[in-house]
Amino acid sequence: MALPPNPNRHRNDLGGVILGALAIVLGSAALGIAVNHFSPHRLPIMQQAEGGRLPLPAGLTEISLAQAKAAFDAKKTPFLDARGSERFAAGHIPGAHDLPAAEFEKRFLDLAETLEGAPSVIVYCESTDCGEAVELSARLKEAYQGQILVFADGVKGWTAAGYPVTKGEMP
Amino acid sequence: MRPRVAHWLSRPPTGAVCRLILGGVFIYTATAKLLDPADLARYISGYRLLHPDLVNLAAITLPWIEFVAGALLVVGIWPASAALALAGLLGIFLAAAFLAVVRGLEIECGCFFPFMGSERLDTAFFVRDAVLLAMALQALVWPSSFLRRGPSTSLRSASG
């Protein structure tokens, strides 16, 4: 005897597709967590490394707020602001150069002369959880021979410490 | 949709091309991300959409979702579900990029795909992801498979 058509078939089909997608997402995520657990380059899952800071790639050196302030007072090390021109204009470390990571190719030549004689530069973005400073550092490594120092606390840490900031675009 | 366009989109060769390109792209980019999750975490953090505590979790899991869904799509196992998962990811990527542009963030996309334009969130990025999203939707509505089975039900049949 032929069975009558199941009126819920189409709904079940759609449910099957959605359930399948959920299974793929959850299964893959579980696989990723398991692989990460046994990986030699394991990342902490629910928190960022080193007290909330993003891990720095090899070849970059992080400096503290006090070290950044000392370099600022000595006026020998150029500061590079990686955040982008709009936020640079809204407030940056005095004397810093506006060099957005995304516009590196276009803007680096303007600063090449300034950086040429400097044995090191300090790169910063907004705060410990921003990525632009590391992006800029990665690009800088290909064009700049000196030491690249990442000031991870960024403008947020600088401002919180009561240090001065300047508004406006780079002259 | 015009019948001729619908007919062309529903043809198995169209589906096979979409599946292979889309799946291949995701397998390739996911592999690059899998090799350096810490680097991916920095890109994700640059978007400033996730709480910092969740950035690493996203960097650990996202490439595996891309890789598995891409591989399933290429092989043709659960193609509709894999296409739905990838369409969801592409929708999230486009929304995140749009929000980054609106907020004036000058960041790189973190796409890990050097063969299709720059890494910047520019017009090429949005066109590229929109094309990939269209492919995912094609694979979702008219899933095809080299294999014959699996819950490869299409949304077309599901909607009657």
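**Figure 1. Tyr28 in helix H2 of chain B.** In this predicted model, B:Tyr28 lies within helix H2 of chain B, which spans residues 12–35. B:Tyr28 counts as partly exposed because 16 C-beta neighbours fall inside 10 Å; a residue would need 20 or more such neighbours to be called buried. The view also takes in B:Phe112, which is 84 residues away from B:Tyr28 in sequence, while the C-alpha atoms of the two residues are 8.6 Å apart in space.

**Figure 2. Overall composition of chain B.** Chain B contains seven helices and zero strands. Read from the N terminus, its elements follow the order α-α-α-α-α-α-α. Chain B has 160 residues, of which 48% are buried. For contacts in chain B between residues at least 6 apart in sequence, 68% link residues that are at least 24 apart.

**Figure 3. Helices H3 and H4 of chain B.** Helix H3 (residues 37–47) and helix H4 of chain B have axes that come within 8 Å and cross at roughly 125 degrees. This angle makes H3(B) oblique to H4(B). The crossing of H3(B) past H4(B) is right-handed. On the side of H3(B), the contact is formed by B:Pro37, B:Leu40, B:Ala41, B:Ile44 and B:Ser45. H4(B) contributes B:Pro52, B:Val55, B:Asn56, B:Ala58, B:Ala59, B:Ile60 and B:Pro63. Sorted by class, the residues of this contact between H3(B) and H4(B) comprise ten nonpolar, two polar and no charged residues.

**Figure 4. Helices H4 and H5 of chain B.** Helix H4 (residues 52–75) and helix H5 (residues 79–102) of chain B cross at roughly 140 degrees, with axes that come within 8 Å. H4(B) passes H5(B) in a left-handed sense. From H4(B), the residues in contact are B:Ile65, B:Glu66, B:Ala69, B:Leu72 and B:Leu73. Their counterparts in H5(B) are B:Pro79, B:Ala82, B:Ala83, B:Ala85, B:Leu86 and B:Leu89. The contact of H4(B) with H5(B) consists of ten nonpolar residues and one charged residue, with no polar ones.

**Figure 5. Trp78 in the loop between H4 and H5 of chain B.** B:Trp78 is located in the loop that connects H4 and H5 of chain B. Although B:Trp78 is not a glycine, its phi is positive, at about 50 degrees. B:Trp78 has 27 C-beta neighbours inside 10 Å and therefore counts as buried.

**Figure 6. Lys75 in the loop between H3 and E2 of chain A.** A:Lys75 is placed in the loop between helix H3 (65–74) and strand E2 of chain A. Its phi is positive, at about 55 degrees, although A:Lys75 is not a glycine. A:Lys75 is exposed, since 8 other C-beta atoms lie within 10 Å.

**Figure 7. Overall composition of chain A.** Chain A contains seven helices and five strands. From the N terminus onward, the elements of chain A are arranged as α-α-β-α-β-α-β-α-β-α-β-α. Chain A has 171 residues, and 35% of them count as buried. Of the contacts in chain A with a separation of 6 or more, 67% are between residues 24 or more positions apart.

**Figure 8. The open sheet of chain A and its edges.** Five strands of chain A, in the order E1-E5-E4-E2-E3, form an open sheet with parallel pairing. E1 and E3 (97–98) of chain A are the edge strands, each with a single partner strand, so one side of each has no neighbour in the sheet. Strand E2 (residues 79–81) of chain A pairs with E3(A) in the parallel sense through two bridges. In this pair, A:Leu80 is opposite A:His97 of E3(A). Helix H6 (residues 132–143) of chain A packs on the sheet, where it touches E2, E4 and E5 of chain A. The direction of H6 makes about 175 degrees with that of E5(A).

**Figure 9. Strand E5 of chain A and its partners.** Strand E5 (residues 147–151) of chain A has four of its five residues buried, so the strand is largely enclosed by the rest of the structure. Strand E1 (residues 61–63) of chain A pairs with E5(A) in the parallel sense over three bridges. In this pairing, A:Ile63 is opposite A:Phe151 of E5(A). Strand E4 (residues 120–124) of chain A runs parallel to E5(A) and is joined to it by five bridges. Here A:Ser120 is opposite A:Gln147 of E5(A).

Conventions
Residues are numbered from 1 along each chain as its sequence is written. Chains are lettered from A and ligands numbered from 1 in the order in which they are written. This is a predicted model: local features need pLDDT of at least 70, side-chain atom pairs count only at pLDDT 80 or more; totals for chains, interfaces and linings use all residues. A residue is buried if 20 or more other C-beta atoms lie within 10 Å of its own, exposed if 12 or fewer, and partly exposed in between; C-beta atoms are placed from the backbone. Two strands pair if DSSP finds at least two bridges between them. Axes are lines fitted to C-alpha atoms, for helices over the stretch in contact, and angles run from 0 to 180 degrees between N-to-C directions. A crossing is left-handed if the near helix is turned anticlockwise from the far one by less than a right angle, and right-handed if clockwise. Two residues are in contact if their C-beta atoms, placed from the backbone, lie within 7 Å. Ala, Val, Leu, Ile, Met, Phe, Trp, Tyr, Cys and Pro count as nonpolar, Asp, Glu, Lys and Arg as charged, and the others, Gly among them, as polar. Angles under 35 degrees count as roughly parallel, over 145 as roughly antiparallel, 65 to 115 as roughly perpendicular and the rest as oblique.
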